[in-house]
Amino acid sequence: QVQLVESGGGLVQAGGSLRLSCAASGRIFSINYMGWYRQAPGKQRVSVAGITSGDSTNYADSVKGRFTISRDYAKNTVYLQMTSLKPEDTAVYYCNAQIVGVTYMTANCWGQGTQVTVSS
């Protein structure tokens, strides 16, 4: 009933920028938290950045100062602006959201993932 659709991944040279988007759709009452995770080949999925409904943000140490997370509440969309990209940022990026449905049940939802590749 609820889905997250990501877009904006791709191939970029080191030092470049990309902006990821993730739109939530379905029978949504509210969204408590939205965030981005990433998973590099052979590694575990880790948190990159998150933003609460009160616009409180958190970032992994590895991306602080380079990545910015933001939300558009009207569009139920979260963005991840990535600058000064490094080859070690290469991964599949996943959107995550804690969504309250119209039945007031909360679900932890994941997007399908979008590939970000940074060449040196």
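These are my notebook entries on a predicted model.

**Entry: disulfide**

I began with the cysteines. How many disulfides does the structure hold? I found one. C22 is joined to C95, with the sulfurs 2.1 Å apart. I looked up the torsion about the S-S bond next: it is -80 degrees, so I noted the C22–C95 link as left-handed. The two cysteines come from distant parts of the chain, C22 from strand 3 (residues 18-26) and C95 from strand 9 (residues 91-101), 73 residues apart. Are they buried or exposed? C22 has a relative accessible area of 0%, so I list C22 as buried. C95 also counts as buried, at 0%.

I then turned to C109. C109 takes part in no disulfide. The nearest cysteine sulfur belongs to C95 and lies 9.3 Å away. A disulfide needs the sulfurs within 2.5 Å, so that distance rules the pair out. C109 is buried too, at 11% relative accessibility.

Which strands make up the open sheet, and in what order? I read four strands in the order 1-3-8-7, with antiparallel pairing. Strand 1 (2-7) and strand 7 (67-72) are the edges, and each pairs on one side only. I also looked up the turn between neighbours. Neighbouring strands of this sheet are turned by 15 degrees against each other on average, direction ignored.

I followed strand 7 into strand 8 (residues 77-82). Six bridges hold this antiparallel pair. S70 stands opposite Y79 of strand 8. D72 has T77 as its bridge partner in strand 8. The two strands form a hairpin with four residues between them, and N76 takes a positive phi near 50 degrees there.

Which side chains of strand 7 are buried? The side chains alternate along the strand. F67, I69 and R71 point to one face and are buried.

I checked its pairings in turn.

- Strand 4 (residues 28-39) runs antiparallel to strand 9, joined by ten bridges. Y37 stands opposite Y94 of strand 9.
- Strand 10 (residues 106-110) pairs with strand 9 in the antiparallel sense over five bridges. A97 has C109 as its bridge partner in strand 10.
- Strand 11 (residues 114-119) is joined to strand 9 by three bridges, also antiparallel. V92 has Q115 as its bridge partner in strand 11.

What lies between strand 9 and strand 10? The two form a hairpin with four residues between them. Y104 sits in the turn, with a positive phi of about 70 degrees.

**Entry: surface patch**

I looked for nonpolar surface next. F29, V102 and Y104 make a nonpolar patch of about 330 Å². F29 is in strand 4. Y104 is the turn residue from the strand 9 and strand 10 hairpin.

**Entry: salt bridges**

How many salt bridges does a search of the whole structure find? It finds three. I took them one at a time.

D89 pairs with R38, with the closest N and O atoms 2.9 Å apart. D89 lies in the loop between strand 8 and strand 9 and R38 in strand 4, so this pair ties together parts 51 residues apart in sequence. D89 is buried at 0% relative accessibility. R38 counts as buried at 11%.

D89 also meets R66 in a salt bridge, 2.8 Å from N to O. R66 lies in the loop between strand 6 (57-59) and strand 7, and the pair is 23 residues apart. R66 is buried, as is D89. Salt bridges with shared partners join R38, R66 and D89 into one network.

The remaining entry is D61 with K64, where the closest N and O atoms are 3.1 Å apart. Is D61 buried or exposed? D61 counts as exposed, at 64% relative accessibility.

Note on methods
Residues are numbered from 1 along each chain as its sequence is written. This is a predicted model: local features need pLDDT of at least 70, side-chain atom pairs count only at pLDDT 80 or more; totals for chains, interfaces and linings use all residues. Side-chain values use heavy atoms; hydrogens and water are left out. Patches are made of residues with over 30% relative accessible area and no salt bridge: like charges are joined within 9 Å, nonpolar side chains (Val, Leu, Ile, Met, Phe, Trp, Tyr) within 5 Å. Accessible areas come from the Shrake-Rupley method with a 1.4 Å probe; for residues, only the protein chains shown count as cover. A salt bridge is a side-chain nitrogen of Lys or Arg within 4 Å of a carboxyl oxygen of Asp or Glu. Buried means under 20% relative accessible area, exposed over 50%, partly exposed in between (1.4 Å probe, protein chains only). Two strands pair if DSSP finds at least two bridges between them. Axes are lines fitted to C-alpha atoms, for helices over the stretch in contact, and angles run from 0 to 180 degrees between N-to-C directions.
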